[in-house]
Structure formats: C-alpha cells, structure tokens
Amino acid sequence: MAESGHESELKVGGFSFFGLEKLGLVALRAPWVSAFLILLISAFAVLGVMRLQVDDSLSELFRTDTKEFRQYEEIDRLFPSSEYDVLIVVEGEKLLEPGPLSSFSEAVVDLQLADGVNGIVSMLSARLKPDEHGYAAPIVPDELPSGAAYDAVIERLRNNEIVKGKFLSDDGQLALIVLSLDRDVVREMGSRAVIDGLRQEVSRALDGSGLSYKFTGAPVMQLEIRNAVERDRLIYNGLGFLAGLGIAYMFFRRISLTLIVVAGPAIAILWTLGVVGALDYRLNLFINVITPLILVSGFSDSMHLVFAIRRAVRNGVDHVEAARAAVLDIAPACLLTAMNAAIAVLSFSLAESALIRTFGQAALLAIGISYLAVAIVVPTLAAILVRKEDVPEKSGHDNDIDSVGVLQKITDSIVVTVGGRPILFTLMGVAAVVATGAAYWNLEPRYRLADQVPDKEQALAGTAQLDKKLTGANPVHIMIRLPERKDAQGKEASRLFQEETFEVIAKAHKIVEERAGLGNVWSVESLRRWLAEAGDDSVETVQSYVEILPKHLVHRFISKDHSSVLVTARLPDIDASEILPIVELLDEALEPLRKEHKGYEFAVTGLPAIAARNSATLIKELNWGLLGDMFVIFIFLGLALRSVMVSVVSIMPSLFPIFATGALLFAFGEGMQFASIIAITVAFSLAIDSTIHFLNRYRLEENRLGDRAGDTREALRRTIHHIGPAVVVTTIVLALGLGVTVLSDLPSLRLFGQLSAACLFASLVAQLIILPASIAMYRRFFPRMV
C-alpha cells in the first residue's frame, strides 16, 4: 500500500492531536530500541507496584469539604472509640444456662487481656444499685450461684435497663460484646493480627459450649474490605488475561498475534499500577475496577490494530508496512476513543466525594497510560514477532479470516438490512431510547453500608443478627459542644458538671429515645438514671462516678477535655433514604434546645447520618455529570472529525445502552447506586470506542467510494465488513473483562460487573442497528457532497 494513499485517507477520516496518534511510527523505526525502553519502563513500574496499599475506610466515600463531614471527623477525634468498636455477637439457645454463661464470662475475661483491647463492655458489665458505701456489685458474680439464686441473677440481668435490648436480646439467645481497640497497638501490630488474635481467644473460650460467635463493627468490616480488594485484584487480573488469551487465540489462531494482543493491555496495567503506587493512590473497591478497565480498553484497541495488521499480512503486505498502515488507519480512532473515555470519567475527578474523586483521577491516568502503552507496544511487537506468511490466502474480498467468517456474514446481513430500511429502524431506535429513558429518570438514589462490605464474611452476618434481635449496629450520634466558661481566675473551666448541662443531655437523650424511636441509647443520662434508682442522681454523685469509671467507658460519651458530650443510638443497616427522615427529625427536634440553651451546639452525625445526607446528592451529581459529559463528547466528536453528522448520529447509540441499563435496574426494583452510575459511565466510555471506530471507518469508506459517495448502503456494508467481527469480539471481551467482577465478595462490585456487561451488550445492539440506521437516515436528508 502506498504511503501517500494512507496519508490522504487520514486527512479526511482521521484525527490528529499533537502527533500522539503517530507514536507507533516512531516505535517502528527502531523496534528493538523501543522494546528495550518498554522493558526498562516496566522495571521501574514494578517498584511502584510494590508500594501499593489498600484504603479500607468506610467513610472515604462521603469525605467532602462540608460542615457535616468536619463534624463527623471531630467525633472521631474527640471520641476515638465511637466509630472504631469491634462488636462480637454471641448466640446460643442455652446462652443463659450456667455452662454456656461461664464460657461467655471466660471469653470476656480473656478478651480484656488480649493485645490491642482498650476496654470491653458487655452484659457482664451491668451492676446492681450502689450500696451505702457507693459500691455497686456486678449483677453476674464471678462465682455463679445455683438453683433459685442463679434464677434470680438471670432475672435481674434480663430486666436490667442497661442490658435488655442493648447487650442481651429479649429471647435471651443473643449477647453483644463491645470492644474498644487501642489504635496505637493496631497500627503497630496491624488490624489483621489483632482481630485474628481476638478470634482465637473467643474460639478457645467458647469451644464446646454450644455458643456461636460472629465479629462485626467498623474495624472488622475494614479488614474484610481489605482482604476482598486484595483477593479481587488477583482474580480480575488472572481471569481477565485468561479470557483475553482464549478469545484472541480463537480469533487469530496464531500465538504471535495472540501475544501481541494481550501484551499491550498487560503492560498498560503494569505501568498504570506502577504510577498509582508511586503517587500513593490507595486501592479501594472502585480503584480496583481500573485493572479490568485497562485490560478491556487496551484489549479493544489492540484487537483493532492487530486485526488490521493481520488482514494486510494475509494480503501479502510486508509486516512492518502492515503495522505502519494500521497505525495510520486505526491509531487516530484509538486516540480519539481514549480522549472521549477521559471526558466520560472527567466528572468523577471533580466529584465532591474523596473516594470517587480519587477513582476519577486514577482512571484518567489509566486511560492515558493505556493508550500510550498499546500505541507503542503493539507496533513494536508486530515488527519483531509478525512475519510474512509463506502461503498467501486465497484471493477474495478482504481475504476474510475463516474463524470470523460466520460473524462477518451475520453483521453484514444486519447492517445491510438496517441500511435498506432506515426509517423503520430509526423509529424503533427512538422508541427504545424514549421508553428506556423514562425508566432511567424514575430511578431513585440508593445507598446502604452493606454495599461496601463483603457479604460472604462474618461482619454483615453479625450485623444482620443485631438488626434482627437488638436495635442495630450502626451508631448515630448527637454531639453536644458545651459553651466556654471562665473560673474566678479567668481560666477556662469545664461546664460539664453543671445542672444546665445535665438538663440539656437529658432532653437530647429523650428526643433520641421518644421522638426518633431509636434504641440502645447511651449518654451521661444513662449513668444518671442508674444512680437515680439508688436515690442519688446529683451532679456531684455523677461526677464522682465519672471519675472512677473505666476511662474507655467514660470517653464513649464524654470527651477527654470535657468540651463535648455524645448521645449515641444504634440503627439497623437500612437504605440511606430511610435513615434521612430520622436524621432530619432529630435535627428538627433539637431546634428548641438550640434556642433555649444558648451557647450549646448540637450536631446530628455518625456514618449513617453522613451517608443519609450525602449519598442521594452525590449520586444525582454524578448522574448529571455523566449526561453532561456525554453531550460534550458528541460535540467533541463532531469537531475532531470535522463532521456535523458524527455529532448527530452518535447521540442515540450512546444514550440507548445507558438508558437500557437503567431500565434493567428499574425493572428489578433497584435504584441508582454509586456502583451503578460508575458502571454505566465506565461501560459508556468503552462502548463509545466501537462507535468511534465505526464512524472513522465509515468516513474512510465513504471517501474511497469517490463518485459513488452517495451510496450510503454500500459504505455501511464495507464499514461493517471491515470492523464488524472486531466490534462483536471486543464487546464480548469487554463484557467478560468487566463481568469478572461478579465473582467479587463485594456487592457493589458484583453489581458493577452485571451492569457493565448489560450496558456493553446493549451498546452492541446500538452499534449494529441504531447507529447504521441513524447514518442512513441522516444521509437521506443530508447527502454527502462529492
């Protein structure tokens, strides 16, 4: 093929951006030098990969520069254990019988002495009323009595206001142990070592007792997230490469071409992870998606490039010239798809959520590095590994590859049929877009903490039992900041132990219990009510008990500097849309207190409150961001290819897969989650790849027709004949590559994989039916001028 011919085609149908589309030509001039540089960069990338760490934070998704999140961070600073408890759920039908109860007591004692434990609270912490000397004996003594005396102990335990419904279920078959961890020890030993040690202690103490146990709480959830993220990364890489290798070999039937196809995305993954590690981006449930994202996007570009090289070689063209021709014909479209993918995820990098913003930034890096790697690696390896075939293929139109002949016939038949009846298929496309779009717009934002946590481990199972038999495991707080007070010498003094402060706490405590209807409410008021049973709940008495109680217990509801207090309740793990009315009710009910007690500041906070306030807003912003990015892409495509037609005809094929995926969610009664919007955005950024390759090839074929430029149907036939099999196969690979996330233990990633696959297959329908119909319809009203 003559060089000038390709250059003229590029001027009409191609796209240029500072010469980046010609990087492959540079590599072809000195392929062995290029190969050495690829190996050198890869070696440095390995160093970055070794620095990768996992971000297991539960709150990072809602980290925003807002007053509400700063209040949440203040809770974590002033009350370290408030969001860092390990909850142990112990169950058994005979829990309150002497033998199992002794085993339970032994477990509690062993846990108190375990590494990393700062304090422990359970039903065994409950005390009788103080005697005349102020001593309060434990309800359950160290030496268990027998007979009627034992029955009396159990009766008092089950009816104790602090125990019932909080640490012991009404049926007496579930008990809760709350552990406060020492964060310094956890940092030194690692959460895995500390929690595994706790599990060993409980397992040993409860062995043979007939009692079962489950660990939950934020530290346990974080550990399970970290384990799942590390495990998923290995699965995604392994299965993704196996799928890519298998399909590439079935497609090309040559080891050299198969290796070239998978080498590009493989090196792109290595380089991206190296940069991510070097920049200290932490792996999380969303950034973990980047690996299959690179794999499938890089695989798509590699397939188009290698398919073009293979076709030319089978036509007798020299392998280096074939690679050069592929770079000139295909690389501009690959660059354009990368730039459009970057636009698609741009809104993520600007999101308010720190977690999504980090994902967006990492995704932008991944897209850029993936293009660079594929654009350099594929031509380099093609020059080194591909050789001219000794026996040329039988002459024929395009010398089709036997293994894809069936696909070629099917796609040719579909597009030729559509091109012959553009009005019918365009109307069908419009109807499909409108119908699915209506369902998409009726989706409600949804968020649950359970979506972030592996659902095949202990944490969620334990949380479910607490939701069922107690009041839940998720803490929501009212933080009360006390007004400043000066003593006689003008120095700052605490306003904690004053009657007004206790009155404020009591009113807030009552609001949480009665107005919001929440259970397991804890505050200084809990201590005062217990003392009131003994007949003395004066401020002085409360202060004396606060001074002798274990510090880990006191600091659950009083800050170390006595500047703030907490009223804490626990919620079940329900959707954020159900939590928001509770949060708003609490905020509204506190308003009279704000007016009555000037100087006292009240804030409803905690992870459920933050999620309830922010999740719907963030999801809606991301949704609008996606739609805005789409229309930017439509305009950008038209400008890049200098064609109004490109902008117009790409609208319906791009909207349909997004709306169809939303309609699928709507049909199954699901809402729009964070994973949903990210899956749809990522799938759209990949699906637009095929649209761009189709439009790029169509313009080349339209130009080649010369005097027959008005023959739209023939241009469509040539276009699909050239790229149809590649479009189908790459869609399958993309769906499999992202669909492998359905094997994750993380519900949000399973949803991501399911929706990505659905969106990609919907996009295939759009490429084969809606896009050709749109082009044919446009050309019917706006013929191309020769």
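This is a short talk on a predicted protein model, its confidence, its overall build and a few residues inside it.

Hi everyone, thanks for coming. First, the ground rules. Because the model is predicted, local features need pLDDT of at least 70, side-chain atom pairs count only at pLDDT 80 or more, and totals for chains, interfaces and linings use all residues. Residues are numbered from 1 along each chain as its sequence is written, and side-chain values use heavy atoms, with hydrogens and water left out.

Let's start with confidence. pLDDT is the predictor's confidence in each residue, on a scale from 0 to 100. The protein averages 82, and 91% of the residues score at least 70. Among its elements, strand 4 (residues 212–216) has the highest mean pLDDT, at 93, while helix 1 (residues 3–13) has the lowest, at 35. Over residues 1–13 the pLDDT is below 50, and this stretch has 24 contacts in the model beyond near neighbours in sequence. By contact I mean heavy atoms within 4.5 Å. Residues 391–402 also stay under 50, with 18 contacts beyond four places in sequence.

Now the overall build. The protein has 28 helices and 10 strands; these are DSSP runs numbered from the N terminus, with helices being H or I of at least four residues and strands E of at least two. The C-alpha trace spans about 110 × 55 × 50 Å along its principal axes. Of the contacts between residues at least 6 apart in sequence, 82% join residues at least 24 apart.

What share of the 786 residues is buried? Buried residues make up 60%, where buried means under 20% relative accessible area, exposed over 50%, and partly exposed in between, using a 1.4 Å probe and protein chains only. The accessible surface comes to about 31,500 Å², and 57% of that belongs to carbon and sulfur atoms. That area comes from the Shrake-Rupley method with a 1.4 Å probe; for residues, only the protein chains shown count as cover.

On to the inside. In soluble globular proteins, nonpolar side chains tend to be buried together. A nonpolar core here is a set of buried Ala, Val, Leu, Ile, Met, Phe, Trp, Tyr and Cys residues joined through side-chain atoms within 4.5 Å. The largest one has 214 residues, and Phe104 and Met123 have the most contacts inside it. Helix 12 gives the most to this core, with 18 residues. Apart from it lies another core, of 43 residues, including Leu496 and Val542. Back at Phe104, the residues it touches beyond four places in sequence include Val90, Met123, Ile177 and Leu211.

Helix 12 covers residues 319–349 and holds Thr337. This threonine, Thr337, is buried, with a relative accessible area of 4%. Setting aside neighbours within four places, Thr337 is in contact with Asp301, Asp689, Ile692 and His693.

Ala439 sits in helix 15 (residues 422–441) and is buried, at 12% relative accessible area. Ala439 and Thr661 are 222 residues apart in sequence, yet 9.6 Å apart in space, C-alpha to C-alpha. Beyond four places in sequence, Ala439 is in contact with Ala663 and Phe666.
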